[in-house]
Amino acid sequence: MARRKPQDPEVSLFPFLSVLAAVMGTLILIIAGMSQIALARPRQGVDLEAFAPGKKNPIFVECRKKGLLIHPDDPMKGKAIEVSRGELEDIGSPWHTLRARLALDDSHYLMLLVRPDGVGTFNDARESVSGTNIEVGYEPLFGDGDIRFRKKEALP
């Protein structure tokens, strides 16, 4: 009688693949949880670039439901000035003074930070500077709470 030849052992990748799938599933769960936490409590932050002569620098104005919040030239120092939505067209208001200053100043531009409930105020503010030579930028802000201004890290 002929004997059968013993077969060579086969390598199975099933245990490796099951471990890999388990690790991927765990990482996806962690990432999803962290993103849900970040969306639930958004942190409002604006990066400030270092002052550079010859480059335009922003004047930050926050658009809220009740009006504008004008931040100082250096937002990390000083206190912001509140202007109600009804005062936007008043000649003696801080908003009118800022518009007059920016119309004559080529080294600054207006950066509007728009809250979700401040879209109407944003439209009023943008309309009040239309037809002037004031450059305007805007950035949406999500959630509410105070804005944290932080200096942007310089690249080496």
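**Pockets and overall form of a predicted chain**

Strand 3 (67-70) and strand 4 (81-84) each contribute at least two residues to the lining of the second largest pocket (strands are DSSP E runs of at least two residues and helices H or I runs of at least four, numbered from the N terminus). The model is predicted: local features require pLDDT of at least 70 and side-chain atom pairs pLDDT 80 or more, while totals for chains, interfaces and linings use all residues. Residues are numbered from 1 along each chain as its sequence is written, and side-chain values use heavy atoms, without hydrogens and water.

**Second largest pocket**
- This pocket holds about 250 Å³ of space (an open set of 1 Å grid points for a 1.4 Å probe, with protein on both sides within 12 Å along at least five of seven lines; lining residues have an atom within 4 Å of a point).
- Of its 15 lining residues, Arg64, Lys65, Lys66, Gly67 and Asp117 are the closest to the centre.

**Chain as a whole**
- The chain contains 3 helices and 7 strands, arranged from the N terminus as α-β-β-β-β-α-β-α-β-β.
- The C-alpha trace spans about 115 × 35 × 30 Å along its principal axes.
- Of the 156 residues, 26% are buried (under 20% relative accessible area, 1.4 Å probe, protein chains only).
- Among contacts (heavy atoms within 4.5 Å) with a separation of 6 or more, 70% join residues 24 or more positions apart.

Terms used
Points joined across faces, edges and corners; volume = space filled by probe spheres on them. Buried < 20%, exposed > 50% of the residue type's maximum accessible area, 1.4 Å probe, protein only.
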